[in-house]
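I opened this entry to record what I looked up in the model shown below. The notes follow in the order in which I made them.

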Amino acid sequence: MKKSANKINYSEQLHAKAITARKNSYSPYSHYKVGAALLTESGNIYAGCNVENASYGGTICAERSAIFSAVAAEGQIKIKELLVITAEKKPWPPCGFCRQVIAEFATSKTKIHLADENKIKTSYNLAELLPEAFGPSHLTRR
Ligand code: THU
């Protein structure tokens, strides 16, 4: 048996979970539905969707919604993979706020996948999306 045959395909699971979460998107203002799902280093998957607010600034993106669910469940997390799904031909990348929040919980190996409803279209490392990221390592007390 090939070694890869035993490998769990997390990307497919993330895609399925993000699709389900996206269905629950609360987006009466933009009408853009976004879903996200992430895999933590402990092997658990958490999903999120964008939740908008009449006071627009109260809106939270799908990526942060997934990350905050993961933190609520596990505390300190490290993200192995994160997948974002939009229905656009060219899938949306995470916004700047989300990139910064991803950076907080990412490692050099974290993969960020952008998908449409059918499949993953592109995958990035965090460094590609947020070069020279400011992160926890900068806040060492002197
Ligand atoms: N949105 C996300 O969920 N993730 C992003 O990274 C980009 C933007 C949401 C926020 C808002 O509900 C809608 O998409 C339009 O900006």
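I looked up the charges and found the mean positions of the 19 positive and 12 negative charges of the protein chain to be 3 Å apart. Lys and Arg count as positive and Asp and Glu as negative, with His and the chain ends not counted; the place of a charge is NZ of Lys, CZ of Arg, CG of Asp or CD of Glu.

I note that this is a predicted model, in which local features need pLDDT of at least 70 and side-chain atom pairs count only at pLDDT 80 or more, while totals for chains, interfaces and linings use all residues. Residues are numbered from 1 along each chain as its sequence is written, and side-chain values use heavy atoms, without hydrogens and water.

I next listed the secondary structure, taken as DSSP runs (helices H or I, at least four residues; strands E, at least two) numbered from the N terminus. The protein chain has 4 helices and 5 strands, in the order α-β-β-α-β-α-β-β-α from the N terminus.

I then examined burial, meaning under 20% relative accessible area with a 1.4 Å probe, protein chains only. Of the 142 residues, 38% count as buried.

I traced the nonpolar cores, which are sets of buried Ala, Val, Leu, Ile, Met, Phe, Trp, Tyr and Cys residues joined through side-chain atoms within 4.5 Å. The largest has 22 residues, and Leu38, Ile67 and Ile79 are among those with the most contacts inside it. H2 supplies the largest share of this core, 4 residues. A second, separate core of 7 residues includes Leu39 and Leu83.

Terms used
Buried < 20%, exposed > 50% of the residue type's maximum accessible area, 1.4 Å probe, protein only.
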